[in-house]
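Welcome, and thanks for taking a look. Here is a short tour of a few local features, to be read alongside the sequence and the model.

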Amino acid sequence: MKSVYSELKPNITLTPDENTQYIFIVKDGSSYSADIELNLKKEGLSCELSVLGRIGKNVSVTIKTTANHLVAGTSCVTNYRIILDEQASSDYTGKIIIRKKASQTNSYLDNKTLVMGEKTKNTTRPILEIENDDVKASHGSTTGRVGEAETFYLTSRGLARSEAENLIAEGFFENIVAKILDPDVREKVRADVKS
Amino acid sequence: MNKKNIKDIRDTYDTKYGFNMPEKSFLKAEKGLTEKIIEQISKSKNEPDWMIKFRLKAFEVFNSKKMPDWGADLSKIDFQDIYYYVKPTDTEKRTWEEVPEEIKNTFDRLGVPQAEREFLAGVKAQYDSEVAYSSLKNELEEEGVIFLSTDEALKKYPDLFREYFGKVVPAGDNKFSALNSAVWSGGSFVYIPKGVTVKRPLQAYFRINAQNMGQFERTLIIADEGSFAHYVEGCTAPVYSSNSLHAAVVEVIVKPGARFRYTTIQNWSDNVYNLVTKRARVEKDAIMEWVDGNLGSKVTMKYPSCYLVGENARGEVLSVAYASKGQHQDAGAKMIHAAPNTSSNIISKSVSLKGGRTSYRGLVDITPLAPKSKSRVECDALILDSDSATDTFPLMKINESGANVEHEATVSKVGEEKLFYLMSRGLSESEAMGLIVSGFIEPIVRELPMEYAVELNRLIELEMEGSVG
C-alpha cells in the first residue's frame, strides 16, 4: 500500500488504481472548506483516507469526505480527527456510499473530536447509504474533552499543564500516524501535526 | 439464501387483520380540506371559540408551508382526496355492552375485551376518528388520574387543557403538525397527578376504516411532579387500494422528578402514510422514554424527540423499524439538550427485506445551555437480501465544549456462519433467520409490555415461515 500526503484543496477527487493511504492535514489559521471524494472503482481495492488537524481561535472549517464503493470487494477506512482549541468550529460530513454492485464491501468511518478550548462548535454528520446487503459498514463518532484524570497523570509527573495538553494532543493523532506505511511520509506527517 | 423461505407478513394481513366493516357513520364530512370543513368539525364537537380560531390559524399555516424536500417520497398524497372526519357514534361508551356491534367486532378481532378483562387499567378505542369506548378503572379515578379522549378533556378540563395544548408542538412546527392542528380529532388526554405511580399500562387503539380516511389524533399527556406511568398504543388498519394518511401529534410534558414511558407498535397496512410528530418536554430531574416500533405503513416519517429543558433531565428512544416490499421506514429520534447535566440515549434497530428501505434520521443538539451533558446513539441495520437498502443520517451539533457525545452505527446482513451454526443444530433456515432477527431486535422488544412482545415475536416468525400463520 502506498502513502500519499497532500495539501487540502476545496475539491478533491481520488480514483486510485492501487491500494493507497491518503493523508490530509487541516491547517490552522484561516477558515475554509474541502470536499474529498474517494471513488473505489477497481475490484479488490483497499484504501485509507485520513484527515487530521488542530484548529484554533475563530477558525471554522467545513470538511466533507465520501467513500464511494462502486464495485465489488473494496474496503476503506476513513478517519477524521480534529482538535478544537478556543472558539474553533468544525462542520464534518462523512459519507459511506455502497452502490448496488458493490458486494463484499467493508467500510468503516471513525470520527473523533477532541475539545480543548471553550466556546467551540462541532457539527458532525456520519452518513451511510447502503444499497447492497452483502457488506459490512459501520461508523463511530465521539466528541469530548480531555479527561481530568489524564491531565493530572502528566502534571503530577512534573509537566506543566500546557505541556501535558500538547502531549495528549500528539497522542490523539499518533495511532493514525503510526499506521502510515511509508516511513518518510510518516515522519513528515508527524512533524506537521506537531507544529 | 432461499428467498421462498422469507414470507412477507403482508401476505397474511388479509386473513389476520385485513377486514372491512360496512360503514355506519353518523356524520361524514365531504372529501377535501377547506375552512368550511374545519368549522364543521369544530361545531359538531361543540368546541370553544379559541379552538375554532386555533384550527383556522393552523390551516393557514398548513397552506403556507411546503412539503419537505427530504425523507421518503410523499408525492402521491392528495390532500383533497381524503375524508377528514367521521364520527361513529353520538356519545362515548362507558361499558363494553353498550358499544355498537360493528365496532365491538372490530375490537374483538384486536383482542381489546380480553386484554381489558385481564389486566389493563383503562382502554380507549378509536374508530374512524372518534373515541368510541372508554373505561376507567376505579383505582385510577380514585388516584385522580385523568385518562379521556382529547375531545372530552377539552370540555371537562378546559383550563388544564388550554395551559398545555399546542405548547410542545406548535402548529407551525412542520406542515403535518399544522394539518393536525387544523383537523385533529380523537386521541388521548392523560394527566398523572403529583407523586402517583400508575402500575398498569394505559392503552389506546386506533383504526382507519373508511376508504381514504385520514387519522389525525391528537394526544396530550401531562405527568405531574414525581409521577410515573406507561402509555401504550398499537394500531392496525385494513388493506385498501387508495392511500390513507395518518398525521398524528403527541405532546408530552414530564414535570420535575417524573418519569413517563410512551410505547407505540405501529402496524398500519402498507398503503398508509404515517407522518407523526411526537415530542416531549422534559423538566428538571425528569425522565422520558419513547419506545417506538414501526412495522407497517407504506411510508413512515417519525422522529420522537425530547427537549431536555431542566437540569439532570434524561431522554431515551428505543426504536425498531421493519421494512418489507414497497415500504420505506424513515424513523429516528431527536434530542435537544438545553440544560446542564442532561443525558440522552438512542438505540435504533432496523431490518429491511424484499426491496424495503429503512432510514435512520437523528439529531443530537447540545446547545451552549447544556454543560456536562452526555449523549449516546447506537443504530444498527440488518439487510436481509440484495433488493433492500438502508441509510443512516445522524446529525450531531455540539456547541458546548464540555459535552460528551458518542455515536456508532453498523450495517450488515445475517452472517452465513450464524445461519450455519443454528441449522447444524436442527433448525430450518427460516427458523434460524427468525431467531437471529428476533435476537437482533431483542434490546427493544424486552422493553415492551408482554402482549406486544409476544405479538411482535410472532410477527417475525410468521414473516420468516413458509406457511400462513
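Where in α11(B) does a kink of about 35° lie? The kink is at G439(B), shortly before the proline P443(B). Here the bend at a residue is the angle between axes fitted to the seven residues ending there and the seven starting there.

## About the model

This is a predicted model, in which local features need pLDDT of at least 70 and side-chain atom pairs count only at pLDDT 80 or more, while totals for chains, interfaces and linings use all residues. Residues are numbered from 1 along each chain as its sequence is written, chains are lettered from A and ligands numbered from 1 in the order in which they are written, and side-chain values use heavy atoms, leaving out hydrogens and water.

## The helix around the kink

Helix α11 of chain B covers residues 429–445, 17 residues in total. Helices (H or I, at least four residues) and strands (E, at least two) are DSSP runs, numbered from the N terminus. From first C-alpha to last, α11(B) reaches 22 Å, close to the 24 Å expected at 1.5 Å a residue; that expected span is 1.5 Å times one less than the number of residues.

Of its 17 residues, 12 are buried, so α11(B) is largely enclosed by the rest of the structure. Buried means under 20% relative accessible area, exposed over 50%, and partly exposed in between (1.4 Å probe, protein chains only). Among the buried residues are M433(B), F440(B) and I441(B).

## Two asparagines with positive phi

N46(B) has a positive phi of about 55° although it is not a glycine. N46(B) sits in the loop between α2 (35–44) and α3 (49–64) of chain B and is exposed, with a relative accessible area of 62%.

N312(B), also not a glycine, has a positive phi near 65°. Its loop runs between β17 (305–308) and β18 (314–323) of chain B, and N312(B) is partly exposed, at a relative accessible area of 31%.
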